[in-house]
Amino acid sequence: MAATGVDAPGRAAIGARTLRTDRWWLSPLTTFVVFSAFVVYATWRAFADKDYFVEPYLSPFYSPCLGDCVKGSADFGTPFGGFPLSAALIILIFPLGFRMSCYYYRKAYYRAFWLSPPACAVAEPHTKYTGETRLPLILNNLHRWFWYAAVVVALILTWDVLLSFQEADGGHVGLGTLVLLTNVVLIWLYTLSCHSCRHAVGGRLRHFSKHPVRYRMWTWVSRLNTRHSLYAWLSLFSVAIADLYIMLLANGTISEARFF
Amino acid sequence: MTYQLKMRVWRGDDSGGSLQDFAVEVSEGEVVLDAIHRLQATQAGDLAVRWNCKAGKCGSCSAEVNGKPRLMCMTRLSDFDPAETITVTPMRTFPVIRDLVTDVSFNYEKARELPGVELGPRDADGKRRMMQVDVERGQEFRKCIECFLCQNTCHVVRDHEENKPAFAGPRFFLRYAELDMHPLDTHDRRALAQDAAGIGMCNITKCCTEVCPENIKITDNAIIPMKERVADRKFDPLVWLGAKIGIRHKDDEGRTEM
Amino acid sequence: MSDRHPMTGNEMSGTAQGGLERHAYDVIVIGAGGSGLRAAIAAHEAGAKVGIVCKSLLGKAHTVMAEGGIAAAMGNRWPEDNWEVHFRDTMRGGKMLNNWRMAQLHAQEAPERVLELEDWGALFDRTEDGLISQRDFGGHKYARLAHVGDRTGLEMIRTLQQRTVQLGIDVFMECTVTDLLRADGAIAGAFGYWRETGRFVVFEAPAIVLATGGIGKSYKVTSNSWEYTGDGHALALRAGASLINMEFVQFHPTGMVWPPSVKGLLVTESVRGDGGILKNSEGKRFMFDYIPEFFKAETADTVEEADRWYDDKKNNRRPPELLPRDEVARAINSEIKAGRGSEHGGIYLDIASRRSPEFIRKRLPSMYHQFKELADVDITAEPMEIGPTCHYVMGGIEVDPDTELSAVRGLYAVGECSGGMHGSNRLGGNSLSDLLVFGRRAGEAAASYADGLGASRPAVAEADVQAASRAALAPFESEGGENPYTIQADLQQSMNDLVGIIRTAAELESSLAEIERFKERAAHMSVEGHRQYNPGWHLALDLKNMLLVSEAIAKAALARQESRGGHTRDDFPATDPEWGTKNLVVNLNAAGDGVDLAEKPLPVMPDELKRFFE
């Protein structure tokens, strides 16, 4: 097979895969390690089917709980009560699909996992490349569908936070409340800074001047959008931390620090 | 303050070449292009290099400095350690002509494939009216100086020669986005962007944005919005349904699909 | 089928004798800046088969460097603005030495040319009503410059480039014309080489439009790019056309002075239009000391009035920083000479203390970028150091005002390489409009001339092609000679020192003597390597043009014993009304190795235009 890419005939015969002298591999490596760790943790937790609820906290991995849920955790009924596996598996497709098709995460995993490319001006190892023109990657164009779902998920998580402010005997603020609150704020920031959201609120318009309100919203989302990757990372951490905290409470490893 | 700068410069043509070592005197405040010019004037009179304005405005002196796509006139020597050897090669995505000069005709061919702007008639007084907020997005894209560093760094063609016929590249997605956001243009190029320009090949890994010397947010402000606009047409159930029952997005009125 | 050239898709006639490539067109445009592209579009729309030949890639021409705007009396900001006011400003800015007819056509047609750009996709900054915004500039009575931030030239060239591509006009990129070919005194074609391969190419065309730009590369401190070697000026001289007004070279008052590698790089006049002021090392706003009698009536004489003007233009006069460029450049030069210069030999241009950082970044984005990246200076926080830089040559090929036809049949000239329009000093913003107005006129005239010839076109003589080819290869002939870079560097230094912003007879005479010595050295220079993309060889060929043009400037400057506009004589500091009635005309001498000079009376302005100046 003829050489392709930077070694293709006609191009300057330089030979090296890259001449970059900086630590270009650091960023994709970090992404790879952190994302892998999250995937391992999230898979374990999603299949665990336990330690996801401690009154009044419900782990975001299991919210809304629609399957065979532990007592008190199902705020929206259990329409999938007969589902034999973990209840998390019923709903995780939505946040997972949202993140998998997210424009930022796509960049991150294409670079860190698929090495396509690992970094700018560093040759990728693949001999063929078709991008997002065919299945399954063409499905990434459905990002906006997942965004609609993600808004619903964020609303439910907000509800969970409101619930975490109360107990049977009245008001309550514990460390868990703050963890869930922080998480939901970051989830909202991530969801609202989404590129599809930016498009939907106003980006699709050709005449901002005729839609002043949508233009204002677009301006606002655009500002958030510049930090979309930051929110993607922070909300990834916060969701794992929220789940971890609730798991540790539920299995009795730690006990709640209560402020009020 | 002057010092001897160690440089490795790729010299050769399409039949082959190599990195050659030079030492050249440089002084405070100089850029890589100054060093290359001094090489030309004192040691290698026939060293081929393309440049024009030397002010970051024309986008001619694109090359790769220590493996990174850069404009040589905007790469200051003070960003490097004086002891460091600076490696300069031609752009690696385009066929080399000689030394640091490459054949960038790929980009001019792609420009020809893109249908230009087509506005409707002027207002009654012979002028046109467009509001500043409506032209601002397009103005960002029109800052493009056509240095083609984004085209050079894009792995879709850099690493896959065979993709060149089907892929227009970031510079032209920028142009598609500019025209699609033009308040008075009468063409709808979304189908073209997907089919002829191959916007689906882009996996938004953002290297075009990273190397843009004009700091145009190519990915966030042009490519992704353009992908979303293509999705409006093809992948959005609500838009599809609306079109079926005769509801058209008012903002697109007066445009015909190319 | 012959193979196609990889850069342009044009056919290469590889089977032709000697590997020479030939192309036939109705109109060939040399130069792909604003005027060349506009001419090509006009000729194409008039039905001609057009080819554009340019030294660089398409879209890289010097027009991209233009920052401020396009002067056109559209009246979007000031309804009272019209072509008559613009005409008056232009003539006064040129110290009445302009070709009145060109100035009139320019002022009348510029608005429509700007609107045309908008039709073709240009996105200008807008007024609150959605019209094209117009900004203030030196010498213009009203805010008149259509602009896009401070990158108007880029917008213009990209728009014209995209239009050219849309129309399918052939472009020969990185192709340099070295000779014009004639038959019986009329244009028959052009001879050039591909930079990429070094192969020769002949364009057979009865009409040629020169749009090659300026001569700034003959100076050391210049805002011009390498291309500005006076090719069009020299080609026209050698083809038998004449140049006028060559003594008038505009030194832009504000070029960067530090770091050395960017010395001369332009700092747009918009900095002053948007509120920037000039200060010397003592912190004094010195321009109030340099208001000439000619502009006293319309210039503010107190700081208070000047500062009020930015907000209330109706009731106040303009700040002296916005005097025409020649006045400001001379003032800066005097301050520096008097020892009140800045650390690196310039003076201070301060907008940081007068406008908010947001305002500066929004209105002057590329200036912000340029200083930040190249000089590590944040112009929103500290003043810029600036000084005069060679920017523009008012002089150029003498043409008919209506058709841009030179003295040679079939040879047209537009833009900076043509002369007359700007008189002794060009107003900022008038160059971009000049390119559009006369580009279109020349394109149409050239197309109509070519069409009118029918089948009886002048034929390219084979002997001329042979001679042109020998001349182009001459630098390879001699060995062990000097390299062209050294001679160019010496020429630039000499022109800077002796034919600069302030001139004296003694210096001009010694400059002419030096030019003779440079010619001698150039005759024996040698280049290394082969013909494929060889910058040394390219420079050797350009150097010939630079020498010829430099001689024209120095000779004309020596002859004009007065100070006017872009020509300041220390030994004749006054403006002499007698000199105000004549142009200096330059022609190639009989031996073909230098230039001769003659005086020519200025065309007389009709009475209905004279009334604007009473």
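This is a predicted model: local features need pLDDT of at least 70, side-chain atom pairs count only at pLDDT 80 or more; totals for chains, interfaces and linings use all residues.
View 1. Residues are numbered from 1 along each chain as its sequence is written, and chains are lettered from A and ligands numbered from 1 in the order in which they are written.

**View 2. Where chain B meets chain A.** Here 50 residues of chain B are in contact with 45 residues of chain A. On the chain B side, the elements giving two or more residues include strand 1 (2–13), strand 2 (16–27), helix 3 (132–141) and helix 9 (218–234) of chain B. Helices (H or I, at least four residues) and strands (E, at least two) are DSSP runs, numbered from the N terminus. Helix 9 of chain B supplies the largest share of this side, 7 residues. Sorted by class, this side of chain B has 19 nonpolar, 14 polar and 17 charged residues; Ala, Val, Leu, Ile, Met, Phe, Trp, Tyr, Cys and Pro count as nonpolar, Asp, Glu, Lys and Arg as charged, and the others, Gly among them, as polar.

**View 3. Where chain C meets chain B.** This contact takes 50 residues from chain C and 49 residues from chain B. Two or more residues each come from helix 3 (100–119), helix 4 (152–167), helix 10 (365–375) and helix 15 (535–559) of chain C. Helix 4 of chain C gives the most, with 6 residues. The chain C side splits into 23 nonpolar, 14 polar and 13 charged residues.

**View 4. An open sheet in chain C.** Four strands line up in the order 13-16-15-14, with antiparallel pairing (two strands pair if DSSP finds at least two bridges between them). Strand 13 (249–256) and strand 14 (277–279) of chain C are the edge strands, each pairing on one side only.

**View 5. Strand 13 of chain C and its surroundings.** Strand 13 and strand 16 (residues 384–393) of chain C run antiparallel, joined by 6 bridges. V249(C) stands opposite V393(C) in strand 16 of chain C. Helix 8 (residues 325–337) of chain C lies across strands 13, 14, 15 and 16 of chain C, at about 60° to strand 13.

Definitions and conventions
Two residues are in contact if their C-beta atoms, placed from the backbone, lie within 7 Å. Axes are lines fitted to C-alpha atoms, for helices over the stretch in contact, and angles run from 0 to 180 degrees between N-to-C directions.
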